[in-house]
Amino acid sequence: MAEFGRYLRLERDLSPHTVRAYLTDVNSLLDHLGGLIEGLDIGALREWLAGQHAAGKARATLARRTACARTFTAYCHRRGWLPNDPGLLLGSAKAPRPLPAVLDQRQAQAVLEEPPIGEPKEMRDQALLELLYATGVRVSELCALDVDDVDRERNVIRVLGKGRKERSVPFGMPALRALDRWCIHGRPLWMRERSGPALFLGVRGGRIDAGTVRRVVHARLAQVEGAPDMGPHGLRHSAATHLLEGGADLRSVQELLGHASLNTTQIYTHVSIERLRAAYRQAHPRA
C-alpha cells in the first residue's frame with residue numbers, strides 16, 4: 001500500500017485528498033478479497049462495487065471507487081502481481097452532475113459591497129472575496145498564492161492548478177484596489193517569520209488555510225438576503241456563470257477556470273439556461 005501511495009503522489013501527481021481517498025478504497029477492496037490480490041478479477045470487482053451500492057453509497061462515491069479500482073488493477077498488472085488487468089472490463093459509474101447553486105449578479109454585488117474597513121481582517125477578507133469572484137480560482141489555488149504571483153502591471157495572477165499546470169488569470173480594478181489595501185496596510189501588521197511569501201495570512205501570521213476562507217465566504221453570504229449558503233466554490237460557479245451571461249465564449253471560460261476538459265465547463269451553460277427558463281416562467285404571461 002505504501003508503494004501504491006507513492007505511485008499516486010509522485011507519478012500520477014494526485015492531490016493529498018485524492019490519495020487518501022484512493023488508499024481507503026483500496027483497503028476496502030482488499031478487505032473484500034481477504035487480503036489476497038491473487039483473487040482480484042472482474043467478478044470480485046463487481047461483487048465489491050455491488051456491495052458498496054447495497055450499503056447505500058452515493059453514486060459519486062461509487063464513481064470514485066470504480067476509478068480507483070481501475071487505477072489499482074492497472075498498477076498491479078504492471079508490477080506483475082496480476083496476469084491481466086481486470087479493471088479494463090469494468091464499466092463506468094458516472095456520478096450525477098447537479099446544477100450548482102450560484103449567486104445572481106445583484107447578490108454578487110451585495111456580497112462584495114465594501115464594509116467599513118479598518119482592521120487587517122476586514123482588508124484581507126475583502127481582498128480574498130474580490131479575488132475569488134474576479135478570477136474564479138479554486139480555494140486551494142487562492143491559499144497557495146504568493147505575493148509575487150500578483151502581476152499589477154497586467155492585472156493577472158499566476159495560478160498553479162491541478163496537475164501542477166500553471167495559468168494566468170486576469171482580474172479587475174476592484175480586486176486590485178482591495179489587494180493593494182491589504183498588502184500595504186493590512187498584511188504588514190500580521191507578518192511574522194513564518195509568513196514567507198504567502199499573499200493571504202491568518203491571524204497568527206501563517207499562510208491562510210481553506211477552512212478560514214470558507215468561514216469568510218459563509219459569513220459574508222449570510223449577510224445578503226436571499227443569497228444561497230455556499231462556500232468558495234460557489235463563488236467560482238457564480239463567476240463562470242456571469243462570464244457566460246456577459247457573452248464570454250466557453251473556451252475562454254475553460255482557460256480561466258483551468259478545466260482540463262471543455263465538458264466540465266459546459267455545466268455552466270446549463271446553469272445559464274435554467275436561469276433563463278426561471279425568468280421566462282416568472283415573467284411571460286403564457287409560460
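Start with G163, in the loop between β2 (156-160) and β3 (166-170). Helices (H or I, at least four residues) and strands (E, at least two) are DSSP runs, numbered from the N terminus. The model is predicted: local features need pLDDT of at least 70 and side-chain atom pairs count only at pLDDT 80 or more, while totals for chains, interfaces and linings use all residues. Residues are numbered from 1 along each chain as its sequence is written, and side-chain values use heavy atoms, with hydrogens and water left out.

**Stop 1: G163**

Keep G163 selected. Its relative accessible area is 46%, so G163 is partly exposed. The cut-offs: buried is under 20% relative accessible area, exposed is over 50%, and partly exposed lies in between (1.4 Å probe, protein chains only).

**Stop 2: the whole chain**

Zoom out. The chain has 13 helices and 3 strands. Of its 287 residues, 43% are buried. Contacts (heavy atoms within 4.5 Å) also deserve a glance. Among those with a separation of 6 or more, 57% join residues 24 or more positions apart.

**Stop 3: T71**

Select helix α4 (residues 59-78) and pick out T71. T71 counts as buried because its relative accessibility is 10%. Which residues does T71 contact, leaving aside neighbours within four places in sequence? They are F4, Y7, L8, R12 and Y22. Next, show A67. Its backbone oxygen lies 3.0 Å from a polar atom of the T71 side chain. For reference, a polar contact is a pair of N or O atoms within 3.5 Å; within protein, one must be able to donate a hydrogen and the other to accept it, and residues adjacent in sequence count only if both atoms are side-chain atoms.

**Stop 4: A198**

Go to the loop between α8 (173-190) and α9, and select A198. With a relative accessible area of 0%, A198 is buried. Not counting residues up to four places away in sequence, A198 touches L145, D146, V147, R187 and R207.

**Stop 5: helix α10**

Select residues 232-245, helix α10. Its 14 residues should span 20 Å at 1.5 Å a residue, and the end C-alpha atoms are 20 Å apart, which agrees. The expected span is 1.5 Å times one less than the number of residues. Is α10 mostly covered or mostly open? It is mostly covered, with 11 of its 14 residues buried. Among them are P232, R236, H237 and L244.

Now pick T241, also in α10. T241 is buried, at a relative accessible area of 0%. A polar atom of its side chain lies 2.9 Å from the backbone oxygen of H237. An α-helix has 3.6 residues a turn, so residues three or four places apart point the same way. Step past the helix to G247, which follows α10 and has a positive phi, near 110°.

**Stop 6: the second largest pocket**

Select K121, R124, D125, V216 and A219. Of the 25 lining residues, these lie nearest the centre of the second largest pocket. Elements giving two or more residues to that lining are α5 (105-111), α6 (120-135) and α9 (210-222). A pocket here is an open set of points on a 1 Å grid over the protein atoms alone, where a 1.4 Å probe fits, with protein on both sides within 12 Å along at least five of seven lines; lining residues have an atom within 4 Å of a point.
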